[in-house]
Amino acid sequence: MEKTEVQHQNHLDGAVNILSQDLVEEASRAGLDNHLQRWIEDLKAANNPQLHQLVVDLQELKAHFGSGSYDKDTISKLLARLGKNTSQAAVFAEGNTQPRVEKLGEALTAAAKQVQDSDKSTPNDDLQADSASSK
């Protein structure tokens, strides 16, 4: 049982790491597909009906990346919904898993924004905007 929990935590850490990269680049390497599949399996294993929409959205995201055509609006919408639902699902997580699920929710939400803004600005512009707004 404990080993499975550690595996889930490793998968969560991996997912957060991938979301902080360039998603299109990751998708082209097939690493993203494997991560999404593990994530789907982990959620199914939890056997919690509250997580069903997450599974559906992840499968849609996986299929979208697998198709090789990247519709920014579709990806952004799915990531945003996954971020919101993942953050809400954190209440079902226990122990060391809970902060990882919370972090994943934040990473998904940030990735959704990054994808949506990708043609408007560079990450550096975003950093400058963030630091300007926090003063």
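Buried residues make up 36% of the 135 residues in this protein, which is a predicted model. The protein has seven helices and zero strands, and from the N terminus on its elements run α-α-α-α-α-α-α. Of the contacts with a separation of 6 or more, 63% are accounted for by residues 24 or more positions apart.

## Helix packing

Two packed helices are described by the angle between their axes and the distance between the axes. Two such pairs are set out here.

| Helix pair | Axes come within | Crossing angle |
|---|---|---|
| Helix 3 (residues 31-46) and helix 4 (residues 52-67) | 10 Å | roughly 165 degrees |
| Helix 5 (residues 72-89) and helix 6 (residues 97-117) | 7 Å | roughly 160 degrees |

Helix 3 and helix 4 cross at roughly 165 degrees, and angles over 145 degrees count as roughly antiparallel; helix 3 and helix 4 are therefore roughly antiparallel to each other. Helix 3 passes helix 4 in a left-handed crossing. On the side of helix 3, the contact is made by Leu32, Asp33, Leu36, Gln37, Trp39, Ile40, Leu43 and Lys44. Helix 4 contributes Leu54, Val55, Leu58, Gln59, Leu61, Lys62 and Phe65. By residue class, the contact of helix 3 with helix 4 divides into 10 nonpolar, two polar and three charged residues.

The axes of helix 5 and helix 6 cross at roughly 160 degrees, and these two helices are therefore also roughly antiparallel to each other. Their crossing is left-handed. From helix 5 the contact takes in Lys72, Asp73, Ile75, Ser76, Leu79, Ala80, Leu82, Gly83, Lys84, Thr86, Ser87 and Ala89. From helix 6 it takes in Val101, Leu104, Gly105, Glu106, Leu108, Thr109, Ala111, Ala112, Val115 and Gln116. The residues of the contact of helix 5 with helix 6 comprise 11 nonpolar, seven polar and four charged.

Ala80 is partly exposed, with a relative accessible area of 38%. Gln88 also lies in helix 5. The C-alpha atoms of Gln88 and Gly105 are 8.2 Å apart in space, and the two residues are 17 residues apart in sequence. Gln88 is partly exposed, with a relative accessible area of 48%.

Asp57 is placed in helix 4 and is buried, with a relative accessible area of 0%. Leaving aside neighbours within four places in sequence, Asp57 is in contact with Leu78, Arg81, Leu82 and Asn85.

Asn85 lies in helix 5. At 17% relative accessibility, Asn85 counts as buried because the cut-off for that class is under 20%. Leaving aside neighbours within four places in sequence, Asn85 is in contact with Gln53, Leu54 and Asp57. Among these, Leu54 is also part of the contact of helix 3 with helix 4.

## The aromatic pair

A pair of aromatic rings is described by the distance of the centres and the angle of the planes. The structure holds one aromatic pair. It is formed by Phe65 and Tyr70, with 5.6 Å centre to centre and 55 degrees between the planes, and is tilted. Phe65 is buried, with a relative accessible area of 7%, whereas Tyr70 counts as partly exposed at 32% relative accessibility.

## A positive phi in a loop

Asn47 is placed in the loop between helix 3 and helix 4. Its phi is near 55 degrees, a positive value in a residue other than glycine. Asn47 is exposed, with a relative accessible area of 68%.

How values were computed:
Residues numbered from 1 in each chain as written. Predicted model: local features only at pLDDT ≥ 70, side-chain atom pairs only at ≥ 80, totals over all residues. Heavy atoms only, no water. Axes fitted to C-alpha atoms, helices over the stretch in contact; angles between N-to-C directions. Helix = DSSP H or I, 4+ residues; strand = E, 2+ residues; numbered from the N terminus. Parallel < 35°, antiparallel > 145°, perpendicular 65-115°, else oblique. Left-handed = near helix turned anticlockwise from the far one by under 90°. Contact = heavy atoms within 4.5 Å. Nonpolar A, V, L, I, M, F, W, Y, C, P; charged D, E, K, R; others polar. Phe/Tyr/Trp six-rings, centres within 6.5 Å; stacked < 30°, edge-to-face > 60°. Buried < 20%, exposed > 50% of the residue type's maximum accessible area, 1.4 Å probe, protein only.
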